Each structure stands twice: as C-alpha cells, then as structure tokens.
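Morning, everyone. Let me put the model up, and then we'll walk through the sheet and its helices.

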Amino acid sequence: MVHHVAFFKLKAEVTPEKLDEMIRSSRSLLVRVPEVLTVRSGRKIDPACEWPFFVTVEFESMEKKRAGQDDPIYIKYLETVIRPNVTEEWISDYELEPGRAIKYS
C-alpha cells in the first residue's frame with residue numbers, strides 16, 4: 001500500500017475560512033476517485049511549522065496512484081483547490097507494508 005503525502009505553503013490571501021474550505025474540498029473530492037482508499041487533510045498546529053496545509057492519500061499500489069492521478073476528479077481538484085491557493089509543495093510517497101520490496105509497490 002502506498003501513502004502519498006503532500007505538504008503545502010499557502011498564498012498570503014488564503015484566509016482561515018478558505019483553508020477550512022480547502023480541507024473539506026480535499027476530502028470530498030479525492031474520496032470520489034475510485035483508486036483512492038483513504039484521504040486525510042488538515043492544518044498545522046505548531047505556528048512555527050512552515051507547511052500549514054497537508055493532504056495524504058492512500059493507494060493500493062504505485063500503478064493505482066498513477067491511474068488515480070489521471071482521473072478527471074483528481075485533475076479538477078488540483079486545478080480548483082491546490083493551484084489557485086498554494087505557493088510551494090513538498091510531496092513524497094511511502095510504502096506502508098513492512099518487508100515488502102519497494103519495487104513491488
């Protein structure tokens with residue numbers, strides 16, 4: 001199982017209300033992508049944290065991740081929620097199953 005983690009820095013004009021909307025939109029849109037198993041999103045707790053918004057998505061495999069990211073709903077999410085509101089992102093993927101060879105993810 002693949003855990004896709006994305007951290008975002010927000011544009012100055014993103015208000016706390018807009019951030020709440022982004023969190024809700026992340027959950028409601030991404031869960032509709034058939035390849036997505038789970039979605040988590042939220043905001044920072046520590047004021048010193050440089051990444052105020054995050055989204056994590058679980059996929060069965062890297063192949064399913066690629067298919068999910070090609071889904072029109074996922075693309076709409078990027079275009080309507082992420083790109084208009086963020087200035088920078090840090091993204092990484094992790095294998096969740098111990099002992100599983102990464103090449104089979």
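Strand β1, residues 2–10, and strand β3, residues 53–59, run antiparallel and are joined by seven bridges. Within that pairing, A6 has V55 of β3 as its bridge partner. Strands here are DSSP E runs of at least two residues, helices are H or I runs of at least four, and both are numbered from the N terminus. Two strands count as paired if DSSP finds at least two bridges between them.

A word on the source. This is a predicted model: local features need pLDDT of at least 70, side-chain atom pairs count only at pLDDT 80 or more, and totals for chains, interfaces and linings use all residues. Residues are numbered from 1 along each chain as its sequence is written, and side-chain values use heavy atoms, with hydrogens and water left out.

Now the whole sheet. It is open, four strands, order β2-β3-β1-β4, with antiparallel pairing. The edge strands, each pairing on one side only, are β2 (36–43) and β4 (86–95).

Next, α3, residues 72–82. This helix packs on the sheet and touches β1, β3 and β4; contact means heavy atoms within 4.5 Å. Which residues of α3 are buried? Y74, Y77, V81 and I82, where buried means under 20% relative accessible area with a 1.4 Å probe, protein chains only. They lie on the same side of α3, because they cover an arc of only 70 degrees around the axis. That arc is taken from the directions from the helix axis to the C-beta atoms. Their packing partners are β1, α1, β3, α2 (62–69) and β4.

Methods: Axes fitted to C-alpha atoms, helices over the stretch in contact; angles between N-to-C directions. Buried < 20%, exposed > 50% of the residue type's maximum accessible area, 1.4 Å probe, protein only.
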